[in-house]
Structure formats: C-alpha cells, structure tokens
Amino acid sequence: MRTTDFFGLGICVFSLFFAYYFLELYLKLDPCPLCILDRFVVGFMGVVFAAGLFVDGMRGRLALLGGNLFFVAIGFVLTGRHVWLQNQPLGEGSVCLAEQEQIEGFMELIREA
C-alpha cells in the first residue's frame, strides 16, 4: 500500500511542478481561477497521499481513501466545468480568464506534438 501512496504523491508533485514551471513560466499561460482551484485539489490529494505514507491500520487507511475519493470527485467536477467553459464561445460573461490567444497557442502546440 505504501507503494501506491508514494506513486500518487509523485504524480501530484509532478503535476504541480509541470503546471507551474512549464505552463506558467515557459509557455507564459496565466492561470484562471479554475486552474488555481484544480491545483489546490491536486495539492490536497498530495497531502493525503503523504499522510498515507505514515498511517498504519485499516481504519486510518480507509479514512485516507475516503478523503482522496472526496478530492477526486471535486476535481472531476471542477475539471469538467473548466473543459465545458473552454469549449464555449467567448463572451463577456466568461468565467475562465485565460485569453483566447493563449488557449489557441496551447492547442496548436498540442496538435504539433
């Protein structure tokens, strides 16, 4: 079980470093409020995985599993909303603050890869 906690913690840490160093600093993409909330959810999941490295006993492990499932559910809702917003026509009422040029440039980079 500690292997899965270590692996989950590694994925969370890698995801946060990728978002900050590559997307923000290298590609110069400014995070919108939903991006920041997604990062908080991944950070909380990392904390739960880190706690799993030190917790023994079935009750503690089940509590941590429930906590991570809670954060996964919140992450799915936030990410689903984020993807839905990005596929809507841009208007004045748009919640996602990422600029259209940034989104188009990032999508072009993905298509080239």
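## Exercises on a predicted helical model

Leaving aside neighbours within four places in sequence, Met 45 is in contact with Cys 12, Asn 68, Phe 71 and Val 72. The model is predicted. Work through the exercises with the structure open.

### Exercise 1. The core around Met 45

Find which residues make up the largest nonpolar core, and which element gives the largest share of this core.

**Solution.** 
- Step 1. List the members: Cys 12, Cys 32, Leu 34, Val 41, Met 45, Val 48, Phe 49, Leu 64, Phe 71, Leu 78 and Leu 85, eleven residues in all.
- Step 2. Assign them to elements. α2 and α3 are the elements that give two or more residues to this core.
- Step 3. Pick the main contributor. α2 supplies the largest share, five residues.
- Step 4. Return to Met 45. Cys 12 and Phe 71 are among its contacts, and both belong to this core.

### Exercise 2. Helix α3

**Solution.** 

### Exercise 3. Helix α1

Determine where α1 bends, and which of its residues are buried.

**Solution.** 
- Step 1. Start with length. The 25 residues of α1 should span 36 Å, and the end C-alpha atoms are 34 Å apart, which agrees.
- Step 2. Locate the bend. α1 bends by about 25 degrees at Phe 18.
- Step 3. Read off the buried residues: Asp 5, Gly 8, Cys 12, Ala 19 and Leu 23.
- Step 4. Look past the end. Lys 28 follows α1 and has a positive phi, near 60 degrees.

### Exercise 4. Phe 22 and Tyr 26

Classify the ring pair of Phe 22 and Tyr 26, and state how exposed each residue is.

**Solution.** 
- Step 1. The whole structure holds eight aromatic pairs.
- Step 2. Take this pair. The ring centres of Phe 22 and Tyr 26 are 5.4 Å apart, and the planes meet at 20 degrees. Planes under 30 degrees apart count as stacked, so this pair is stacked.
- Step 3. Phe 22 and Tyr 26 are four residues apart in helix α1, so about one helical turn separates them.
- Step 4. Phe 22 is partly exposed, at 28% relative accessible area. Tyr 26 is exposed, at 60%.
- Step 5. Widen the view. Phe 14, Phe 18, Phe 22 and Tyr 26 form one aromatic cluster.

How values were computed: Residues numbered from 1 in each chain as written. Predicted model: local features only at pLDDT ≥ 70, side-chain atom pairs only at ≥ 80, totals over all residues. Heavy atoms only, no water. Phe/Tyr/Trp six-rings, centres within 6.5 Å; stacked < 30°, edge-to-face > 60°. Buried < 20%, exposed > 50% of the residue type's maximum accessible area, 1.4 Å probe, protein only. Core = buried A, V, L, I, M, F, W, Y, C linked by side-chain atoms within 4.5 Å. Contact = heavy atoms within 4.5 Å. Expected span 1.5 Å × (residues − 1). Bend = angle between axes of the 7 residues up to and from the residue.
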